[in-house]
Amino acid sequence: MYQKQESHTIEEATKKLEHYCAYQERCHQEVRQKLKSMNMIPEAADIIIVHLLEHNFLNEERFANTYARGKFRIKKWGKRRIAIELKRKDLSKFNINQALSEIDEDEYIGVFNDLAEKKAESLKEMDKYKKKKKLIDYLLYRGWENYLVYDKANELIQ
């Protein structure tokens, strides 16, 4: 009837979290959530987080850079969406701006143009206004800047 609450010593939890952070870059929020799910008391969680920071398992700047690069290259998100998601993970404004500045501007525009052109070709809508709206909504949802989206939509759909 009752679920047995698994308890961990600080050493066991530290080892688990070292593996958790080594597997993939993590932010402080994700690590705190993991510790909470392991039923660690806040004092123990703080000790473990300090250990992870000292041994470079946890680094918010590195996390932000990796996250921004990955979401841009793999999911083709724009800078607005990346910034919103990083804010949601409680990262500092400095780390967010640093991560966004890592994205090459020429590559950014190239990916945007490819994405917009592919999407415009795939839309089957006959009414040009509806087609333009669908393209704009798609690109804005992915976090691309308004001025880029509207200029490209007007260029692609006459």
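Ala, Val, Leu, Ile, Met, Phe, Trp, Tyr, Cys and Pro count as nonpolar, Asp, Glu, Lys and Arg as charged, and the others, Gly among them, as polar. By this division, the lining of the largest pocket holds three nonpolar, three polar and five charged residues. The structure described here is a predicted model.

**The largest pocket**

The volume of this pocket is about 200 Å³. Its lining consists of Gln24, Glu25, Glu30, Phe63, Thr66, Tyr67, Gly70, Lys71, Ile74, Lys75 and Lys89. Helix α4, residues 60–73, supplies the largest share of the lining, five residues.

**Helix α2 and its surroundings**

Glu30, one of the pocket-lining residues, is also one of the buried residues of helix α2 (residues 28–37), together with Val31 and Leu35. Seen down the axis of α2, these buried residues fall within an arc of 135°, so they line one face of the helix. An α-helix has 3.6 residues a turn, so residues three or four places apart point the same way. Gln33, Lys36 and Ser37, on the other side of α2, are exposed. The cover over the buried residues of α2 includes α1 (10–23), α3 (42–54) and α4. Just after α2 comes Asn39, with a positive phi of about 60°.

Tyr20 is a residue of helix α1. Setting aside residues up to four places away in sequence, Tyr20 touches Arg26, Glu30, Val31 and Lys34. From Tyr20 to Leu156, 136 residues along the chain, the C-alpha atoms are 45 Å apart.

**Nonpolar cores**

In soluble globular proteins, nonpolar side chains tend to be buried together. The table sets out two such groups in this model.

| Core | Number of residues | Residues include |
|---|---|---|
| Largest nonpolar core | 30 residues | Phe72, Ile82, Leu86, Leu91, Leu135, Leu139, Trp144 |
| Second, separate core | 13 residues | Ala13, Ala44, Ile49, Leu58 |

The residues named for the largest core are those with the most contacts inside it. Two or more residues of this core come from each of α4, α5 (79–88), α6 (93–101), α7 (105–122), α8 (128–141) and α9 (146–156). Of these elements, α7 gives the most, six residues.

Which residues are in contact with Leu91, leaving aside its neighbours within four places in sequence? They are Cys27, Glu60, Phe63, Ala64, Leu86 and Ile96. Among them, Leu86 is listed with Leu91 as having the most contacts inside the largest core, and Phe63 is part of the pocket lining.

Notes:
Residues are numbered from 1 along each chain as its sequence is written. This is a predicted model: local features need pLDDT of at least 70, side-chain atom pairs count only at pLDDT 80 or more; totals for chains, interfaces and linings use all residues. Side-chain values use heavy atoms; hydrogens and water are left out. On a 1 Å grid over the protein atoms alone, a cavity is a set of points where a 1.4 Å probe fits but cannot get out, and a pocket is an open set with protein on both sides within 12 Å along at least five of seven lines; lining residues have an atom within 4 Å of a point. Grid points are joined across faces, edges and corners, and a volume is the space filled by probe spheres set on the points. Helices (H or I, at least four residues) and strands (E, at least two) are DSSP runs, numbered from the N terminus. Buried means under 20% relative accessible area, exposed over 50%, partly exposed in between (1.4 Å probe, protein chains only). The arc is that of the directions from the helix axis to the C-beta atoms. Contact means heavy atoms within 4.5 Å. A nonpolar core is a set of buried Ala, Val, Leu, Ile, Met, Phe, Trp, Tyr and Cys residues joined through side-chain atoms within 4.5 Å.
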